[in-house]
Amino acid sequence: MTTSASATTAPVADARALGLAHYAARGVLEHVLARHGATFQQQVALRAAVTADAPQTPDDLVTQVRGSLKADPADIRATLDELLAKQMLVADGAHLRPTDAGRELIAAVGAETAPISARIWGGISAEDLAAAGRVLALVTERANAELAALTA
């Protein structure tokens, strides 16, 4: 079996490598979002509303976004207010629903980032992606447990 030079000099996965990968990918997404006048947190909140199986209350969306971003609930509520002001979400009784404009934004950002994502992820073997997925799921689980212990 031959080993490529890049495989033998590849950095070991650690918190720094994970952070660098996250911020590199997030930078790409934020660049696209900026062209659409949206922020990363707005996109996360709006995507939660768009992809929900049932109408979401503001509390439901705060819980979902907080679970993803670990952001302060007051900041998430401010983000929901921004999305309401931009008419990306609309109040419908006790629920917030995405508007056509909100759905179109998520679709446009998805369409714009799809070819970029294909270039970023392309050529990585299914085996490597599966291994990375298992490791990232475990790191996420453990980090969530540590955060829960710190905030209990």
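Helices here are DSSP runs of H or I with at least four residues, numbered from the N terminus. One of them is helix α7, and valine 139 has its place there.

This is a predicted model, in which local features need pLDDT of at least 70, side-chain atom pairs count only at pLDDT 80 or more, and totals for chains, interfaces and linings use all residues. Residues are numbered from 1 along each chain as its sequence is written, and side-chain values use heavy atoms, with hydrogens and water left out.

**Helix α6**

Let's begin with α6, residues 100-121. Its 22 residues should span 32 Å at 1.5 Å a residue, and the end C-alpha atoms are 30 Å apart, which agrees. The expected span is 1.5 Å times one less than the number of residues. Along the way, α6 has a kink of about 35 degrees at alanine 114, shortly before proline 115. That bend is the angle between axes fitted to the seven residues ending at a residue and the seven starting there.

Which residues of α6 are buried? They are Gly102, Leu105, Ile106, Val109 and Thr113. Buried means under 20% relative accessible area, exposed means over 50%, and partly exposed lies in between (1.4 Å probe, protein chains only). The buried residues of α6 pack against α2 (15-35) and α3 (40-51), where contact means heavy atoms within 4.5 Å. Just after α6, glycine 123 takes a positive phi of about 80 degrees.

**Salt bridges**

A salt bridge is a side-chain nitrogen of Lys or Arg within 4 Å of a carboxyl oxygen of Asp or Glu. The whole structure has four of them, including these:

| Pair | Closest N to O |
|---|---|
| Arginine 77 and aspartate 59 | 2.4 Å |
| Aspartate 92 and arginine 97 | 2.3 Å |

Arginine 77 sits in helix α5 (residues 73-85) and aspartate 59 in helix α4 (residues 58-69), so this pair ties together parts that are 18 residues apart in sequence. Arginine 26 and glutamate 30, by contrast, both lie in helix α2, four residues apart, about one turn of the helix. An α-helix has 3.6 residues a turn, so residues three or four places apart point the same way. Arginine 26 is partly exposed at 23% relative accessible area, and glutamate 30 is partly exposed at 32%.

**A nonpolar patch**

Back to valine 139: with 37% relative accessibility, this residue counts as partly exposed. Together with Leu18, Val135 and Leu136, Val139 forms a nonpolar patch on the surface, with about 300 Å² of accessible area together. Helix α7 (residues 126-151) gives the most to the patch, with three residues.

Terms used. Helices (H or I, at least four residues) and strands (E, at least two) are DSSP runs, numbered from the N terminus. Patches are made of residues with over 30% relative accessible area and no salt bridge: like charges are joined within 9 Å, nonpolar side chains (Val, Leu, Ile, Met, Phe, Trp, Tyr) within 5 Å. Accessible areas come from the Shrake-Rupley method with a 1.4 Å probe; for residues, only the protein chains shown count as cover.
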